[in-house]
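Grab a pencil and work through these exercises with the structure open beside you. Try each task before you read its solution.

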Amino acid sequence: MAFAYLSTLMGGIVCMLLLDFRFRLFFWRDSASAALVTAAGIVFLLLWDAAGIAAGIFLRGSSEAMLGIELAPEMPLEEPFFLVFLVLCTMVLYTGSVRILERFGKERNT
(Lines give C-alpha, C1' and ligand atoms only; values in the text may rest on other atoms or scores of the structure.)
Protein backbone atom coordinates (compact mmCIF):
# COMPACT_ATOMS: atom_id res chain seq x y z
CA MET A 1 0.00 0.00 0.00
CA ALA A 2 2.96 2.33 0.61
CA PHE A 3 3.70 2.56 -3.12
CA ALA A 4 0.10 3.43 -4.09
CA TYR A 5 0.57 7.20 -4.50
CA LEU A 6 3.95 6.95 -6.22
CA SER A 7 2.79 4.20 -8.59
CA THR A 8 -0.36 6.21 -9.41
CA LEU A 9 1.77 9.24 -10.22
CA MET A 10 4.09 7.16 -12.38
CA GLY A 11 1.09 5.67 -14.17
CA GLY A 12 -0.23 9.18 -14.82
CA ILE A 13 3.15 10.25 -16.21
CA VAL A 14 3.18 7.25 -18.55
CA CYS A 15 -0.37 8.04 -19.71
CA MET A 16 0.57 11.68 -20.42
CA LEU A 17 3.61 10.53 -22.42
CA LEU A 18 1.44 8.07 -24.38
CA LEU A 19 -1.01 10.87 -25.24
CA ASP A 20 1.92 13.05 -26.21
CA PHE A 21 3.33 10.27 -28.41
CA ARG A 22 -0.02 9.61 -30.08
CA PHE A 23 -0.71 13.24 -31.00
CA ARG A 24 2.90 14.59 -31.12
CA LEU A 25 2.04 17.45 -28.78
CA PHE A 26 5.05 18.19 -26.56
CA PHE A 27 8.10 15.89 -26.21
CA TRP A 28 7.50 14.15 -29.54
CA ARG A 29 7.02 17.50 -31.28
CA ASP A 30 10.21 19.26 -30.06
CA SER A 31 12.06 17.25 -27.42
CA ALA A 32 14.75 19.85 -26.64
CA SER A 33 12.23 22.62 -25.99
CA ALA A 34 9.97 20.26 -24.05
CA ALA A 35 12.85 19.16 -21.83
CA LEU A 36 13.77 22.79 -21.14
CA VAL A 37 10.16 23.76 -20.33
CA THR A 38 9.72 20.70 -18.11
CA ALA A 39 12.95 21.38 -16.20
CA ALA A 40 12.10 25.06 -15.77
CA GLY A 41 8.61 24.20 -14.55
CA ILE A 42 9.87 21.65 -12.05
CA VAL A 43 12.56 23.99 -10.69
CA PHE A 44 10.02 26.82 -10.37
CA LEU A 45 7.52 24.60 -8.57
CA LEU A 46 10.18 23.14 -6.25
CA LEU A 47 11.21 26.69 -5.31
CA TRP A 48 7.53 27.50 -4.78
CA ASP A 49 7.23 24.44 -2.52
CA ALA A 50 10.36 25.45 -0.59
CA ALA A 51 8.94 28.94 -0.04
CA GLY A 52 5.63 27.49 1.11
CA ILE A 53 7.36 25.07 3.47
CA ALA A 54 9.57 27.83 4.88
CA ALA A 55 6.48 29.99 5.46
CA GLY A 56 4.72 27.11 7.21
CA ILE A 57 1.96 26.95 4.59
CA PHE A 58 2.82 23.57 3.02
CA LEU A 59 2.91 20.64 5.39
CA ARG A 60 3.44 16.98 4.68
CA GLY A 61 0.42 14.91 5.52
CA SER A 62 0.67 11.33 6.61
CA SER A 63 -0.86 8.57 4.58
CA GLU A 64 -0.46 4.83 4.23
CA ALA A 65 -0.33 5.37 0.46
CA MET A 66 2.97 7.26 0.70
CA LEU A 67 6.42 5.80 1.29
CA GLY A 68 7.27 8.08 4.21
CA ILE A 69 10.63 9.09 2.71
CA GLU A 70 11.38 12.81 2.91
CA LEU A 71 13.81 14.55 0.55
CA ALA A 72 13.79 17.56 2.86
CA PRO A 73 11.65 18.53 5.84
CA GLU A 74 7.97 18.45 4.72
CA MET A 75 9.04 17.37 1.18
CA PRO A 76 8.03 13.77 0.48
CA LEU A 77 9.73 11.65 -2.18
CA GLU A 78 6.53 11.70 -4.21
CA GLU A 79 6.57 15.52 -4.67
CA PRO A 80 9.01 15.69 -7.63
CA PHE A 81 7.00 12.97 -9.42
CA PHE A 82 3.82 14.96 -8.83
CA LEU A 83 5.50 18.06 -10.26
CA VAL A 84 6.63 16.15 -13.36
CA PHE A 85 3.05 14.91 -13.82
CA LEU A 86 1.69 18.44 -13.29
CA VAL A 87 4.01 20.00 -15.88
CA LEU A 88 3.37 17.22 -18.42
CA CYS A 89 -0.39 17.38 -17.93
CA THR A 90 -0.40 21.17 -18.28
CA MET A 91 1.70 21.16 -21.44
CA VAL A 92 -0.23 18.30 -23.08
CA LEU A 93 -3.51 20.10 -22.33
CA TYR A 94 -2.13 23.42 -23.57
CA THR A 95 -0.62 22.11 -26.80
CA GLY A 96 -3.66 19.94 -27.46
CA SER A 97 -5.99 22.90 -26.96
CA VAL A 98 -3.90 25.06 -29.30
CA ARG A 99 -4.04 22.34 -31.96
CA ILE A 100 -7.82 21.97 -31.61
CA LEU A 101 -8.35 25.73 -31.80
CA GLU A 102 -6.09 26.02 -34.85
CA ARG A 103 -7.96 23.21 -36.60
CA PHE A 104 -11.31 24.78 -35.68
CA GLY A 105 -10.12 28.16 -37.02
CA LYS A 106 -8.96 26.63 -40.32
CA GLU A 107 -12.31 24.88 -40.80
CA ARG A 108 -14.21 28.14 -40.18
CA ASN A 109 -12.08 30.00 -42.74
CA THR A 110 -12.58 27.46 -45.53
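**Rings and charges, step by step**

Phe 27 has a relative accessible area of 23%, so this residue is partly exposed (buried means under 20%, exposed over 50%, partly exposed in between, with a 1.4 Å probe and protein chains only). Before going on, note that this is a predicted model, where local features need pLDDT of at least 70 and side-chain atom pairs count only at pLDDT 80 or more, while totals for chains, interfaces and linings use all residues. Residues are numbered from 1 along each chain as its sequence is written, and side-chain values use heavy atoms, leaving out hydrogens and water.

**Exercise 1.** Work out how the rings of Phe 26 and Phe 27 are arranged.

*Solution.* 
- Step one is the rule: rings of Phe, Tyr and Trp (its six-membered ring) pair if their centres lie within 6.5 Å; planes under 30 degrees apart are stacked, over 60 edge-to-face, and the rest tilted.
- By this rule you get three aromatic pairs.
- Take Phe 21 and Trp 28: their ring centres are 5.5 Å apart and their planes sit at 80°, so we call the pair edge-to-face.
- Now Phe 26 and Phe 27: with centres 5.2 Å apart and planes at 75°, this pair is edge-to-face.
- As for cover, Phe 26 is buried at 7% relative accessible area.

**Exercise 2.** Find which ring the charged end of Arg 24 sits over.

*Solution.* 
- The test is that NZ of Lys or CZ of Arg lies within 6 Å of the ring centre and within 35 degrees of the ring normal.
- For Arg 24, the ring is that of Phe 21, with the charged end 4.6 Å from its centre.
- Phe 21 is partly exposed, at 41% relative accessible area.
- Arg 22 has its charged end over the ring of Phe 23, 4.6 Å from the centre.
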